Amino acid sequence: MSQEAWNYLLIGLTFAMYIGIALRSKAGSTKDYYVAGGGVSSFANGMATAADWMSAATFISMAGGIAASGYNASRFLMGWTGGFVLLTTLIVPYLRKFGKFTVVDFLGDRFESNLARLVGVICAIFICMTYIMGQMRGVGLVFSRLFDIEIATGVIIGSAIVFFYAGIGGMKGITYTQVAQYCVMVFAYTIPAVFISMLITGNVIPQLGLIGNFTKDGAEHAVPLLEKLNTLNVDLGFAKYTDGSLSKLDMFCITAALMCGTAGLPHVIVRFFTVKSVKAVRSSACWTLSCIAVIYLTAPAIGAFARTNFIDEVHGTAYTELPEWFGNWEDRGLIAWVDKNQDGIVQHQAGAVFEGRSPTYDASGARGTHGERLITNPLKENANEVFYAPDILVMANPEMANLHPWIIALVMAGCVAAALSTAAGLLLVLSTSISHDLMKKLVSPNMSEKQEVLSARLASFGSLVVAAYFGINPPSEIVAKTVAFAFGLAAASFFPTILMGIFSKRVNKHGATAGMVTGIGFTFGYITYFQFYAGHQNYWLGISPEGIGFVGMLINFAVTFLVTALTPAPSQAIQDMVEDIRDPTGAGAATHG
Amino acid sequence: MSDPDIPSAEAKAETPPTPPADHAAHWKGSIRIVLGILATWFFISLGCSVLFREFLDSHLPSVGGAPFGFWMAQQGSILGFVLLLIVYRKLMNSLDQRHHLEDEA
């Protein structure tokens, strides 16, 4: 069977499965729609949350990012797993006991303030919107590559599918679909890693391969893989793979901001409202992190293998003798080669090959003397001749390792699963925020339950149209930069405020509101200034916009305590409520209230 | 799929007359557990993997072919997080039991 046929077969099969599951678990009530009826088993919820958490960007780009920056990329690995320790010990058991549908409900009720509610709604919508745009773009890219269609068509097909099962099935539908998607993702991620590990290190387990020996040149030349990679990197003028180039303070702040941000992301927190008790929240969190760890422990191995393999196969090889995959990805514009020294041999060195973020071509499709695609970007003066988009490493890995077409098709199906599962989860939280937190709680409190589910479905349609629009016309410079916003805002707003709402009875509405507003204001201002206006990178104390959310969080804490100390304690009813959420018993199903 | 949360029949049989739950002591106990877990969390992630990485890289034996600090940053800390959550679940569940704050279901 050809590669095409395998792609159609695997993608078709997985889609039939997702839609079948969605149809079987159609949502009837608001409770089904928002929290899947509150009775999902811990293990199923763990897999679903893991699928929700791992976005297209994580699945496709993370290993490539690790390959490109080595130790520096540990901030993502730790940030996006370590956050679950904070989430589990500090946030979710208590919010589950609180028993409402959304995170914003907690802010509004605990601090008796519609202003806190409004700030929360705006943050939640902003965070989810930033995320979902990237997902729709991801779906579009994978589809366009698979079926040779325009990206726009790919985005529209993807949106239709997401709307179909998230809008119809609600939380119940997507939870069970995500369980299936997690299984597809985990196979798609680990199977190629196993084969490549065997090829490069002779070890079946990729995690052991990472710390094992590089044996591709034969057992008698075996050296530790990471040592080999360090040597390669240094020879080509890059920093050592196992050393970082970020300052210690910046690395600390970014890792901390990502961890605290993770613990404050509304679309992650609500996943734990679907299980039936506080005890089930704890075991569900164990399963979630274990499911995520399977992929996050494999990513560094894939990154190291891909980088070694890429340099080994490409650097110092004549262009005409390169393996086939090089030309394939060159045709798609994701790899480019410029023969700067006119020797017909590919040289990879540190430094950008040309001006601009990606290669540009003229319409004639001109080819150079060796058959390479000629690019039109102005060249930079250095010895580096190879450009590759880090994103391709996961998708190109199976081709680089000469694996069977069904594995390549499986990786494609995994990419689609990653994008769809995250998009569906986000869409649901987005529609809940709009219909429940904004419409029902702030605009028109007299809505019936039926009207509320209907408005949630309309809201999800509306959000999807906006997301699809930005997926087709990405504000590209902006999308990459807004990720810093999403985590920074979550770290500076939701995480500290929820935390204090649970662990202090004294913190009142004035303190919480003032803290949230200053925390967000500072973080938002700092990121906006450096991303859009400053035009230089002389950061304050060297803390990059990615890590400033950590400082915003400290400001939030400080302002909240200061203002609280100057204003009266909250009412007895609120203090009793706080007392009650600390008691792990009697968490009924999440309610509407 | 098995659900690990359903208590076994014998655990139920052991506690027929439920003594009054001690909320204050339970809360104190949970704070102690959370602080312990978070101290370890901080040590393995921001500590070993960021603040003391160079020191660990050069002073501790490497893990297979990986310098210790680098290994902590890319593999060790993640494994540690999973273990921490398993320990947290165990400690909290037994704390609930000790203070008679367990759900029947």
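Select A:Cys260 to begin: with a relative accessibility of 6%, this cysteine counts as buried, a class that means under 20% relative accessible area, with exposed meaning over 50% and partly exposed in between (1.4 Å probe, protein chains only). The model is a predicted one, in which local features need pLDDT of at least 70 and side-chain atom pairs count only at pLDDT 80 or more, while totals for chains, interfaces and linings use all residues. Residues are numbered from 1 along each chain as its sequence is written, chains are lettered from A in the order in which they are written, and side-chain values use heavy atoms, with hydrogens and water left out.

Next, select A:Cys286 and A:Cys291; A:Cys286 is in no disulfide, and the nearest cysteine sulfur, in A:Cys291, is 11 Å away. A:Cys286 is buried as well, at 9% relative accessibility. Over all chains the count of disulfides (a pair of cysteine sulfur atoms within 2.5 Å) is zero.

**A link within chain A**

Now select A:Lys97 and A:Asp580. They form a salt bridge, with the closest N and O atoms 3.3 Å apart; the term denotes a side-chain nitrogen of Lys or Arg within 4 Å of a carboxyl oxygen of Asp or Glu. A:Lys97 belongs to helix α5 (residues 74-98) of chain A and A:Asp580 to helix α22 (residues 572-581) of chain A, so the pair links parts of the chain that are 483 residues apart. Helices here are DSSP runs (H or I, at least four residues), numbered from the N terminus. A:Lys97 is buried at 9% relative accessibility, whereas A:Asp580 is partly exposed at 40%. The whole structure holds 13 salt bridges over all chains.

**The interface of chains A and B**

Display both chains and select the residues in contact (heavy atoms within 4.5 Å): 60 come from chain A and 48 from chain B. The area buried between them is about 4700 Å², of which carbon and sulfur atoms give 69%; buried area is the accessible area (1.4 Å probe) that two parts lose on being put together, summed over both. In chain B, select B:Trp27, B:Gln74 and B:Leu85, which lose the most area to chain A and together make up 14% of what that side buries.

**Salt bridges between the chains**

Three salt bridges cross this interface. Select A:Arg282 and B:Asp96, whose closest N and O atoms are 2.9 Å apart. A:Arg282 lies in helix α13 (residues 278-314) of chain A, and B:Asp96 in helix α4 of chain B. Both residues count as buried, A:Arg282 at 2% relative accessibility and B:Asp96 at 3%.

Move to A:Asp243 and B:Arg53, which meet in a salt bridge at 3.5 Å, N to O. A:Asp243 is in the loop between α10 (225-235) and α11 (248-263) of chain A, and B:Arg53 is in helix α3 of chain B, so this pair joins two chains. A:Asp243 is partly exposed, with a relative accessible area of 31%, while B:Arg53 is buried at 6%.

Finally, select B:Glu54 and A:Lys248, whose side chains meet in a salt bridge at 2.9 Å, N to O.
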